[in-house]
Amino acid sequence: MDLNSIYTSLVMEHGANSPHKHEIKDATHQKHGHNPSCGDDITLFVKIENGKIQDAGFTGVGCAISQASTSIMIETLLGKTIEEAKKIIDIFVKMIDRKPISSEEKKLLKNARVFENIKQMPARVKCALLAWKTLQLSLDEN
Amino acid sequence: MIVPFQQICKHTGATLEFAYLNNNFELDMNDFKKKLTKNTKIVGISSVSNVLGTKNDVNSIIKMAHEVGAKVVVDITQSIAHQKFDVTKTDADFVVFSGHKMYAPMGIGVLFGKEELLEAMPPFLLGGDMIEYVYEQYATFAPLPQKFEAGTQNVGGAVGLKTAIEFLENIGYEKINEIEEDLTKYARTELKKLKFVDCYFTSNHRHHQNVLSFNVKGVHPHDVSSILDTKGVFVRSGNHCAQPLLRSLGIDSTCRASLSIYNTREDIDKLCEALKFVHEMFKKQKNS
């Protein structure tokens, strides 16, 4: 298994220096998510206005994969409507779950495609999914 | 052990106390002595910590506990494949261990207990074979050990455990200690040389048995273990079912290297090379 196909420069950059790692003071949604077995612990802040994700950020600690996945998720979903965001989350989860996704669906993932190879490392699947599942819960609740 | 003890306290109204570590990753015996009173009913202790590798002075703990009338449960899971434990010499009331850390299959383990204590205890699991006579409104229970072995047994696991015991007895603890003491000493020295690694083990090599917990500074243990995996080095990472212990040390999770009779010094060299690789990989990222 090629290390560089998982710890790509994109993942390393987002994991170490995320531009989205901060609170959002006027967030409309706030959700805590964690993986108790390994200590990945994040809080998502999302500002939704007129049905669109206007702003988002996160705080917390965790492995490089979970931090990068959170950051890239925010980058991918900023500006999307709630419906669009839910669709993209579904596609991401399908991809990680080794279910087939179409090339149009892949395009919607944008940089989040970089996690395609996580399915080769089952132990890290929860790390990659944490932020996406947390946001999914938050959007479903409200 | 902690979670069952919590439940016992819930049911009986007892309180659960802890003796903590000193600054050298060893049990603070003064703290233990302070907390051991004539009201103490049960003391639970591991022979060796599965996180820190620290060997506990089980004999002294048992002696002190018995002086105040408390019973002692000793978990020897981490040590049974590495050091001899003689139940007749230690006078432990209960001894437990799992098979999977002594080369046996998963899903099998052993409870040893003093006969009069086991006789006094009611069965905790009900089903076939643990009964003697069954009537419509009551049943009588089988004698020991069947009383505590309800249902269809994990026969495959039991056969595997017996084979593992024979395997270890054929090698002998003396040979095991000879190999593992050298490896542990070497690993301690080599890991301590790496300035980018935080080590969580005692300074006293005589109190340290075969597992070494550590972290690469600034890199999450999960990332370390995944990357080590690609280099052919396999360590465990996480909280090792010891959240309160790690929390008391102010950390979330560690990497843990376990050494055994099949390991060599070359394995430890490979581990250190791989750790250097991890350090460089994340250092480059920080500087870019």
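**View 1. Chain A runs α-β-β-β-α-α-α-α along its sequence.** That pattern comes from five helices and three strands. Here helices (H or I, at least four residues) and strands (E, at least two) are DSSP runs, numbered from the N terminus. This is a predicted model, where local features need pLDDT of at least 70, side-chain atom pairs count only at pLDDT 80 or more, and totals for chains, interfaces and linings use all residues. Residues are numbered from 1 along each chain as its sequence is written, chains are lettered from A and ligands numbered from 1 in the order written, and side-chain values use heavy atoms, with hydrogens and water left out.

**View 2. The C-alpha trace of chain A spans about 45 × 30 × 25 Å along its principal axes.** Of the contacts in chain A with a separation of 6 or more, 57% link residues 24 or more positions apart; contact means heavy atoms within 4.5 Å.

**View 3. Chain A carries 19 positive and 18 negative side chains.** Lys and Arg count as positive, Asp and Glu as negative, while His and the chain ends are not counted. The centres of the two sets sit 4 Å apart, with each charge placed at NZ of Lys, CZ of Arg, CG of Asp or CD of Glu.
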